[in-house]
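Open the model in your viewer and keep the sequence panel beside it. The stops below say what to select next and what is there.

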Amino acid sequence: MNKKLMLGNEAIARGAWEAGVNVVSSYPGTPSTEITEYCARYPEIHTEWATNEKVATEVCAGASVAGARAMCCMKHVGVNVAADPLYTAAYTGVNGALVLACADDPGMHSSQNEQDSRYHALASQVLMLEPSDSLECKEFTKAAFELSERFDTPVMVRTTTRVAHARSLVPLEPRREAPIKPYEKNAKKYVMMPAMARSRHIAVEERMKAAAAYAEECELNKVIKGDKKLGVICSGISFQYVREALPEATVLKLGMVNPLPRGLITDFAQTVDRLVVIEELEPFLENAIAAWGIRVEGKNLTGLQGELSVNKVRRIFGREVPECTLPGQIPGRPPVMCAGCPHRGPYTVLSRLGYRVTGDIGCYTLGALPPMSALDTTLCMGASIGMAHGFYLARGEEFASHTVAVIGDSTFLHSGIPSLLSAVYNKSRLTLLILDNTITAMTGHQPNPNTGLDIHGQEAPRVDLAELCGALGVKRVRKVDAFDLKGIEKALKEESAAQEVSVIIAHRPCVLLNKVREKPFAVDPEKCRGCLACMKLSCPALVRGEGRKVRIDAVQCVGCGLCVDSCRFGAIGREKEK
């Protein structure tokens, strides 16, 4: 049998393909994005980017009810957006299998919180599987499709960053076609009005009892025998840490984390002298086990924040930890906007004007960092507009004239549209700055309805953001060049003085999409006064040298020209002009 070294995300896509999935609809979000990108490589799968996770889940629910196998993929905060259809899809059940792949982000490598998606499975009453490596990512995904149809329920497959982005060998097996199931109209099952929903709730409770009985015997949960002095219960990536740090321990590895196998866990606890749960984030397993009256340790040892690791587990149990052999201190590398990033110009002006800025989720969140320090708030996808409206309601004209909401094009299409419509409807007084770089940049340049391409790179209808804002009732809509600092400043001053909702669209494609590099700029050291005004741009191509003199790294410079506009002494020009 052929084997391939695969990312966990790639293995989930392979498992879905081998299980005969027909439809995949998702919204990109690190660390889950690659699942859908790998699915798009299989011609047998209809794969698409949806405008948000709620839409993706609804698309997949529709495909499921119509008889196809479907999967939607998202990061943990995307599950919040998908929760509306997910929680009720648990009542309706499925026809073809419905799988939701979610990736949590302990340590918040690319996220605004550390939420634990296991509680979504518990609250929505759906099954959840948790693989610990790429092989299990594939096998558990295949199992999820089978269990979805067996128990008439959506099934969640949960990973974390380290599983999603680690590689291990995966055997390649052929695709098993899953014929589209017949569709039959069944309002009692699929129309969730109160009378029908009451009976379906009973069905959900019966299903979970049956699934709990299955969990007691299923191969997804297994005991690894060892020294009975220490028994460890774990799942997901924590299993890998435990096996390396505590190879002698007796381990109960849970592959199904909802519903939990109470009998199996109770029996396991009786066979060991000390019982410990090793899990990241919340005490999901620990609390359930303690509620059954079983003496167990867990978060008192590991804490609630951040990721675990092999060495952390070793330290918890007093084991020797290998010393780091790296020479010296590793310098920090905080994230910065790329040289030539089109977001830099608008933020430079906003910072200079001293505006309050309600921000959003995207590369442009980096505008909160010094020296720009331009953002006041960042909450969730689409929140910038609603929060700016809230500022106006709380403080009136005092705040409205110097408050700007900032949002990217993909985020605006994801969840900003309803907020803007609401602001117009409620006669708000705010200015919205849409940073239009024509791509979903933060998660790796996925196309969106503003790009004009679909997930396969094929031409697709492209939304006109200005016309869309006009259709929402915004009367003041204007476009500016994201590199035109004077034009941006003029637009901000005029629109923030308006007594109604106004929109400024600052357009320039993401610099990483631009295949043509302009000739780089250079600093004339004779003219440079060392004022460091250009350094306020926070451009990585600008380097402070000796005596406060600035130089430009020609390798990084893309020739955007913002530094030229910022220099009052004419010290910066094209290299040929030196």
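**Stop 1: R548**

Select R548, which counts as partly exposed because its relative accessible area is 39%; buried means under 20%, exposed over 50% and partly exposed in between, with a 1.4 Å probe and protein chains only. R548 sits in the loop between β20 (542-544) and β21 (550-552). Helices here are DSSP runs of H or I with at least four residues, strands are runs of E with at least two, and both are numbered from the N terminus. The phi of R548 is positive, about 65°, although R548 is not a glycine.

This is a predicted model, in which local features need pLDDT of at least 70 and side-chain atom pairs count only at pLDDT 80 or more, while totals for chains, interfaces and linings use all residues. Residues are numbered from 1 along each chain as its sequence is written, and side-chain values use heavy atoms, with hydrogens and water left out.

**Stop 2**

Go to D152, in the loop between α6 and β7 (155-160). D152 is not a glycine either, and its phi is positive, near 55°.

Next select N258 and P259: the peptide bond from N258 to P259 is cis, with omega near -5°. P259 belongs to the loop between β12 (256-258) and α11 (262-270). Then select P370 and P371, which are joined by a cis peptide bond with omega about 5°. P371 is in the loop between β14 (356-358) and α16 (383-395).

**Stop 2: α1 against α6**

Two packed helices are described by the angle between their axes and the distance between the axes. Show helix α1 (residues 8-18) with helix α6 (residues 134-151): they pack at about 35°, and their axes are 7 Å apart. The axes are lines fitted to C-alpha atoms, for helices over the stretch in contact, and angles run from 0 to 180 degrees between N-to-C directions. The crossing of α1 and α6 is right-handed, meaning that the near helix is turned clockwise from the far one by less than a right angle, with anticlockwise being left-handed.

Which residues make the contact? From α1 they are G8, A11, I12, R14, G15, A16 and E18, and from α6 they are S134, C137, K138, T141, K142 and F145. Contact means heavy atoms within 4.5 Å. Sorted by class, the contact of α1 with α6 has 5 nonpolar, 4 polar and 4 charged residues; Ala, Val, Leu, Ile, Met, Phe, Trp, Tyr, Cys and Pro count as nonpolar, Asp, Glu, Lys and Arg as charged, and the others, Gly among them, as polar.

**Stop 3: aromatic pairs**

The whole structure holds 4 aromatic pairs. Rings of Phe, Tyr and Trp (its six-membered ring) pair if their centres lie within 6.5 Å; planes under 30 degrees apart count as stacked, over 60 as edge-to-face and the rest as tilted.

Select W17 and Y42, a stacked pair with 5.1 Å from centre to centre and 20° between the planes. W17 lies in helix α1 and Y42 in the loop between α2 (33-39) and β3 (46-49), so the pair ties together parts 25 residues apart in sequence. W17 is buried at 12% relative accessibility, and Y42 is buried at 15%.

Now select Y119 and F284, whose ring centres are 5.1 Å apart and whose planes stand at 85°, so this pair is edge-to-face. Y119 is in helix α5 (residues 118-124) and F284 in helix α12 (residues 284-291), 165 residues apart.

**Stop 4: R344**

Move to R344, in helix α15 (residues 344-353). R344 is buried, with a relative accessible area of 2%. Not counting residues up to four places away in sequence, R344 touches M337, C338, A339, M372, L537, S538, C539, P540 and L562.

**Stop 6**

Leaving aside neighbours within four places in sequence, the contacts of F412 include L420, L432, I434 and C469.

Finish at V474, in the loop between α19 (465-471) and β17 (476-481). V474 is buried at 5% relative accessibility. With neighbours within four places in sequence left aside, the contacts of V474 include L420, C469 and V501.
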